Number of protein chains: 2
Amino acid sequence: MHGVVGKIVARPGQREAVIKVLEDRPREVPGCLSYVVARDVDDGSAVWVTEIWKSPAVHATSLRSPGAREMVDRLRPLVATVERVATTHILSGAPEG
Amino acid sequence: MHGVVGKIVARPGQREAVIKVLEDRPREVPGCLSYVVARDVDDGSAVWVTEIWKSPAVHATSLRSPGAREMVDRLRPLVATVERVATTHILSGAPEG
């Protein structure tokens, strides 16, 4: 299984707007086993997204989906940076899927 | 819900030993909703642990448990650094618990 650890830094005052866009995401996405959105408790502009996908290919395909493209378009004016902190191979603890 | 994003950097040649210790962890831990262990695909010495707990207090209590202490003791000679990359408040996507 394929993992992504992502950190989004919102533009000043835009973190809640970023979260709103992320929360509007399609929830049933083929091959997506986990998509966790979390607010950094120490950095008032940061949002963390940790994802688990069935495979790198499934994840790559999802990025080309209309839902993902719309999310990226909506996020673009709200974010300072979007950083892929790590790409991983999941060893244990993922939800069954 | 309380989230932790952690990065362990193993000493040279010790990543698989670090993973073994993490995989030996107790799996049913009260208040732990998710504990994902993953190998960084780009950094050959890094292991990522992303955790979701019912609350900060439940997490703090777990760190004092015999199981957690034993894991830390076993990891100590194997690791170069253990970094808490982020402490978070989970907004969505956590397993029910």
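A salt bridge, as the term is used on this tour, is a side-chain nitrogen of Lys or Arg within 4 Å of a carboxyl oxygen of Asp or Glu. The model in your viewer is a predicted one, and a search of the whole structure finds 12 salt bridges over all chains.

Select Asp24(B) and Arg74(B) to begin: they form a salt bridge in which the closest N and O atoms are 3.1 Å apart. This pair links distant parts of the chain, 50 residues apart, with Asp24(B) in the loop between helix 1 and strand 2 of chain B and Arg74(B) in helix 3 (residues 66-75) of chain B. In chain A, Lys20(A), Asp24(A) and Arg74(A) are linked in a network of salt bridges.

Next, select Arg39(B) and Glu16(B), whose side chains meet in a salt bridge of 2.8 Å, N to O. Because Arg39(B) lies in strand 2 and Glu16(B) in helix 1 of chain B, the pair ties together parts that are 23 residues apart in sequence.

Move to helix 3 (residues 66-75) of chain A, where Ala68(A), Met71(A) and Leu75(A) are buried. Seen down the helix axis, the buried residues of helix 3 of chain A fall within an arc of 60°, so they line one face of the helix. What covers them includes helix 1, strand 2, helix 2 and strand 4 of chain A.

Finally, show both chains: a rotation of 180° with 0.0 Å of shift along its axis superposes chain B on chain A, with an RMSD of 0.0 Å. The two copies are therefore related as by a two-fold rotation axis.

Notes: Residues numbered from 1 in each chain as written. Chains lettered and ligands numbered in written order. Predicted model: local features only at pLDDT ≥ 70, side-chain atom pairs only at ≥ 80, totals over all residues. Heavy atoms only, no water. Least-squares fit on C-alpha atoms with pLDDT ≥ 70 in both. Buried < 20%, exposed > 50% of the residue type's maximum accessible area, 1.4 Å probe, protein only. Helix = DSSP H or I, 4+ residues; strand = E, 2+ residues; numbered from the N terminus. Arc of directions from axis to C-beta. Contact = heavy atoms within 4.5 Å.
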